[in-house]
Every structure is written in structure tokens, then in C-alpha cells.
Amino acid sequence: RESDQRMLNAAINLALEKHVSGVPATWRNQDSGSSGWVEPVRTFRSAQGQWCREYVYKAELRAGGDRKESRRAIACREANGHWMTRLELTNKS
């Protein structure tokens, strides 16, 4: 569901930009019943000097049938301030 994806992306951006490692950002879509959390795991600089963060997320997606999703990923902060995912491992059930 598009609104779930927007809320998840906003939580990822919030967690990467504002939260210290180990502190999750949670989200809940009142319309669909979907919810989840995003937690930064570690922060480091890439070889090119960009700030990068490893993070994990878990979500329970209700739209179109119940589905659980978890992901571990690494995102780096671009010069324009946006976080770009560089590596992603996903488990869906």
C-alpha cells in the first residue's frame, strides 16, 4: 500500500537523520493498521567521506493480507541531504 510505504520511508529518514544508534523510530498507519519500527545500528564514514548508517526495520503490513517484513540495510547521506540505500537484505513472509 502506497501510504504504508510513505510512512515507512518517513520513519527510515527520521531514524537515520535524528536517532542515535539503538533508539528506534516507530510508525503506525491508522487507515491500514500497518505498523513497524526502524532502528539505526551503527554509523560510519564511507571511503568517499559520506556519513553512512546501518539500520534494521520490522513491519507488519495489513493491506492485501497480513505480511511481516524485516530488513537490514546500509544507507549513506548524499550531498543534498537525502539518505540513499546502498545495500539491503530483505526477508518477507
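Modeller: This is a predicted model, and by the distance rule for charged side chains the count comes to nine salt bridges.

Colleague: Why is the contact of R72 and E54 called a salt bridge?

Modeller: The rule asks for a side-chain nitrogen of Lys or Arg within 4 Å of a carboxyl oxygen of Asp or Glu. For R72 and E54 the distance from N to O is 2.5 Å, so the pair meets the rule and is called a salt bridge. The two partners come from distant parts of the chain, with R72 in strand 4 and E54 in strand 3, 18 residues apart.

Colleague: Are these two partners buried or exposed, and how do you know that?

Modeller: Buried means under 20% relative accessible area, and E54 has 11%, so E54 is buried. R72 has a relative accessible area of 39%, which lies between 20% and 50%, and therefore R72 is called partly exposed. E54 also belongs to a network of salt bridges that links R42, E54 and R72.

Colleague: What makes E69 and R67 a salt bridge?

Modeller: Their closest N and O atoms are 3.1 Å apart, and because the limit is 4 Å, the pair qualifies. E69 is buried at 11% relative accessible area, whereas R67 is partly exposed at 33%.

Colleague: What can be said of R86 and E78?

Modeller: The side chains of R86 and E78 meet in a salt bridge with 2.3 Å from N to O. R86, with a relative accessible area of 46%, is partly exposed, and E78, with 24%, is partly exposed as well.

Colleague: Why is R53 said to have no salt bridge?

Modeller: R53, which is found in strand 3, is buried, and the nearest side chain of opposite charge, E17, is 7.7 Å away. The side chain of R53 does, however, reach the backbone oxygen of H19 at 2.7 Å.

Colleague: How do you know that C52 and C76 are joined by a disulfide?

Modeller: The sulfur atoms of C52 and C76 are 2.0 Å apart, and because the cut-off is 2.5 Å, the pair counts as a disulfide. A search of the whole structure finds one disulfide. With 100 degrees about the S-S bond, the link of C52 and C76 is right-handed. C52 lies in strand 3 (residues 51-61) and C76 in strand 4 (residues 67-77), so the pair ties together parts that are 24 residues apart in sequence. Both C52 and C76 are buried.

Colleague: Why are strand 1 and strand 2 said to pair?

Modeller: Two strands pair if there are at least two bridges between them; strand 1 (residues 25-28) and strand 2 (residues 35-45) have four bridges, in the antiparallel sense, and so they meet the rule. As one example, T26 has W37 in strand 2 as its bridge partner. The two strands form a hairpin with six residues between them, and G33 in the turn has a positive phi of about 85 degrees.

Terms used: Residues numbered from 1 in each chain as written. Predicted model: local features only at pLDDT ≥ 70, side-chain atom pairs only at ≥ 80, totals over all residues. Heavy atoms only, no water. Buried < 20%, exposed > 50% of the residue type's maximum accessible area, 1.4 Å probe, protein only. Lys, Arg positive; Asp, Glu negative; His and termini not counted. Polar contact = N/O pair within 3.5 Å; in protein donor to acceptor, adjacent residues only side chain to side chain.
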